[in-house]
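Please follow the explanation below with the sequence and the structure at hand.

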Amino acid sequence: MRMRGDGRFGSLGDKRSSAVEICGYGAATMGDPAGQLVVHIRPRGGWRTLAVSELWSRRWLVWMLAQRDIRVRYAQTVIGILWVVLQPALVAVMLAFTVGRLSGVADAVGGSYLAFAIAGLVPWMVFAHALIHTSNSLVDNERLITKVWFPRLALPLASVLSAACDLLVVGALAALTAPLWGGQWSVQLLLLPVIASLALLAALAVGIWLAAANVFWRDVRYALPFAAQAWMLATPVIWPLSALPEWLRPFAALNPATGPVLGFRWLFNPSTPFPACELAVGTAVSVALLLTGIAIFRRVEARFADAI
């Protein structure tokens, strides 16, 4: 027999990864005063595989958790999911009346600052939302983790999936109304799902790291909103990449959020150069963070139920 981290028992033939094992060797002790079987319980150490088949067999759970997140987020609201559209629109209007009126800004962005701000804020706000909710996905489901066994990676995946629904709505409305706010219709808009997927990939890659850290250090939860604001200022969301000196621009590509933001601007403004370097480098960074994040997540997963 063996016991998982949530207290459930399974047979040795069950190949699912478990956090805790009941070791059979050296279990019986004749000198035990109570005459009882001595059981050694220890966490499984070392690196663990991703267990893709385990996640795939419970894909319905990821979808149900994502649906729950969406329902809870917009419960008892008047306009519901339209808030995901209203937020970047209002912020873009305020930026257009403040930052956009500064001397030289219109020339630097090469056109309407309102269109520039909307095309940058749409992917950024969904990215930031996915990042924060993914990072808090484990601590927000404390009771679920301590009572029920399931693949813990389902929680960060569900948070990103719910953010994907938000991005689907705001991206579709932004594309349909592009001429109204200064964007353009072009065949490039067919690549909108690809650029959006890269933004969600970056949020998942960083969020998995922070979700695991948040279980052991709750400071992450309180520092994350400030860090997200600082990250926005370090990303060309409200300022053009051309504002950076030439020698700093290659380093901006290391920011995994830079590529999707510039990619959205290229989608709605065909005259903008295609950000091939930023997308390639940012995607490589996101993939590296995702693979290492999953490895660390799986290594410490056995301790979640005790530490949370």
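In this predicted model, a salt bridge joins the side chains of Asp-140 and Arg-221, with an N to O distance of 2.9 Å. Asp-140 belongs to the loop between H5 and H6, whereas Arg-221 belongs to helix H10, so the pair ties together parts that are 81 residues apart in sequence. Both partners are partly exposed: Asp-140 has a relative accessibility of 46%, and Arg-221 has one of 32%.

The whole structure holds five salt bridges. Another of them links Asp-166 to Arg-73 at 2.6 Å, N to O. Because Asp-166 lies in helix H7 (residues 154-176) and Arg-73 in helix H2 (residues 59-73), this pair ties together parts that are 93 residues apart in sequence. Asp-166 counts as buried, at 2% relative accessibility.

Arg-221 also takes part in helix packing, as one of the H10 residues that meet H9. Helix H9 (residues 192-216) packs against helix H10 (residues 219-233) at an angle of about 155 degrees, and their axes are 11 Å apart. The two helices are therefore roughly antiparallel to each other. On the H9 side the contact involves Val-206, Leu-210, Ala-213 and Asn-214; on the H10 side, Val-220, Arg-221, Leu-224 and Trp-231. Six of these residues are nonpolar, one is polar and one is charged.

Trp-231 leads on to Trp-124, whose contacts beyond four places in sequence include Trp-231, Ala-228 and Met-232. Trp-124 is also among the residues that touch the most other members of the largest nonpolar core, which has 72 residues; Phe-127, Leu-138, Phe-268 and Phe-304 are the others.

Technical notes
Residues are numbered from 1 along each chain as its sequence is written. This is a predicted model: local features need pLDDT of at least 70, side-chain atom pairs count only at pLDDT 80 or more; totals for chains, interfaces and linings use all residues. Side-chain values use heavy atoms; hydrogens and water are left out. A nonpolar core is a set of buried Ala, Val, Leu, Ile, Met, Phe, Trp, Tyr and Cys residues joined through side-chain atoms within 4.5 Å. Buried means under 20% relative accessible area, exposed over 50%, partly exposed in between (1.4 Å probe, protein chains only). Contact means heavy atoms within 4.5 Å. Axes are lines fitted to C-alpha atoms, for helices over the stretch in contact, and angles run from 0 to 180 degrees between N-to-C directions. Helices (H or I, at least four residues) and strands (E, at least two) are DSSP runs, numbered from the N terminus. Angles under 35 degrees count as roughly parallel, over 145 as roughly antiparallel, 65 to 115 as roughly perpendicular and the rest as oblique. Ala, Val, Leu, Ile, Met, Phe, Trp, Tyr, Cys and Pro count as nonpolar, Asp, Glu, Lys and Arg as charged, and the others, Gly among them, as polar. A salt bridge is a side-chain nitrogen of Lys or Arg within 4 Å of a carboxyl oxygen of Asp or Glu.
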